[in-house]
Amino acid sequence: MVEISEIIEKNIQEYGKDRKALLPILQNIVYEKRYLSEDTLVQVAKSLDISSATVFGTASFYSFLGLEPRGKHLVRVCKTIVCDMNGKDEIMSTLEKTLDIKFGETTGDKKFTLLTTNCLGWCANGPAMLIDDDVYTDLTPDKVIEIIQSYKKERE
Ligand code: FES
């Protein structure tokens, strides 16, 4: 498992000990650790020699950077207008029922977190959702159940 200090160091080497390194550092930490803890944000601030307020502000501005512990799989449903008109509400309620959690929550076994996102660029094939880095389009409630079952069974 990659240490946070290694991630910070690698990005400082690439971008310099500068605010430019902040977003890549936060993105890489989220990629590796799934979320940003308070201690992590303080560590990043110290390493870049910038205020913790700046780091907290950046982390809370970008919705893709999570400040709460998240599940192994991040499920993000597009909430933008085309997917909205094409039935995203039904997709969201199917996910809530299937995983027995609400949006913004993580399953008890820490496998799934439900989130919304803005347009994924697949409007012609909405409703759409992202699970980790994979896009799923033309969603129906049955398709959603099948996709979630496949993550439960095959991807552990
Ligand atoms: S509006 Fe949902 S992918 Fe564009």
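**Before starting.** I number residues from 1 along each chain as its sequence is written. Since I am reading a predicted model, I keep in mind that local features need pLDDT of at least 70, that side-chain atom pairs count only at pLDDT 80 or more, and that totals for chains, interfaces and linings use all residues. Helices (H or I, at least four residues) and strands (E, at least two) are DSSP runs, numbered from the N terminus.

**Entry 1: α1 and α2.** I noted that two packed helices are described by the angle between their axes and the distance between the axes. The axes are lines fitted to C-alpha atoms, for helices over the stretch in contact, and the angles run from 0 to 180 degrees between N-to-C directions. For helix α1 (residues 4–15) and helix α2 (residues 22–33) I found an angle of about 145°, with the axes 9 Å apart. I then looked up which residues meet, taking two residues as in contact if their C-beta atoms, placed from the backbone, lie within 7 Å. From α1 come Ile4, Ile7, Ile8, Asn11 and Tyr15, and they meet Pro24, Ile25, Asn28, Ile29 and Glu32 of α2. The residues of this contact divide into seven nonpolar, two polar and one charged, where Ala, Val, Leu, Ile, Met, Phe, Trp, Tyr, Cys and Pro count as nonpolar, Asp, Glu, Lys and Arg as charged, and the others, Gly among them, as polar.

**Entry 2: α3 and α4.** Helix α3 (residues 38–48) packs with helix α4 (residues 52–61) at an angle of about 125°, and their axes are 8 Å apart. The two helices are therefore oblique to each other, given that angles under 35 degrees count as roughly parallel, over 145 as roughly antiparallel, 65 to 115 as roughly perpendicular and the rest as oblique. The contact of α3 with α4 holds seven nonpolar residues, one polar and no charged. In α3 I listed Leu41, Val42, Val44 and Ala45, which meet Ser52, Val55, Phe56 and Ala59 in α4.

**Entry 3: the sheet.** I found an open sheet of four strands in the order β2-β1-β3-β4, with mixed pairing; two strands pair if DSSP finds at least two bridges between them. The edge strands, each pairing on one side only, are β2 (112–117) and β4 (134–136). Strand β3 (residues 129–131) pairs with β4 in the antiparallel sense over three bridges, and Ile131 stands opposite Asp134 in β4. Across β1 (73–78), β2 and β3 lies helix α6 (residues 88–99), running at about 155° to β1.

Entry 4: Most residues other than glycine have a negative phi, and most peptide bonds are trans. Which residues join through a cis peptide bond? They are Gly126 and Pro127, with omega about 0°, and Pro127 has its place in the loop between β2 and β3. Asp49 is not a glycine, yet its phi is positive, about 60°, and I located Asp49 in the loop between α3 and α4. Asp49 counts as exposed because it has 9 C-beta neighbours inside 10 Å; a residue is buried if 20 or more other C-beta atoms, placed from the backbone, lie within 10 Å of its own, exposed if 12 or fewer, and partly exposed in between. Lys110, in the loop between α6 and β2, also has a positive phi, about 65°, but with 13 such neighbours inside 10 Å it counts as partly exposed.
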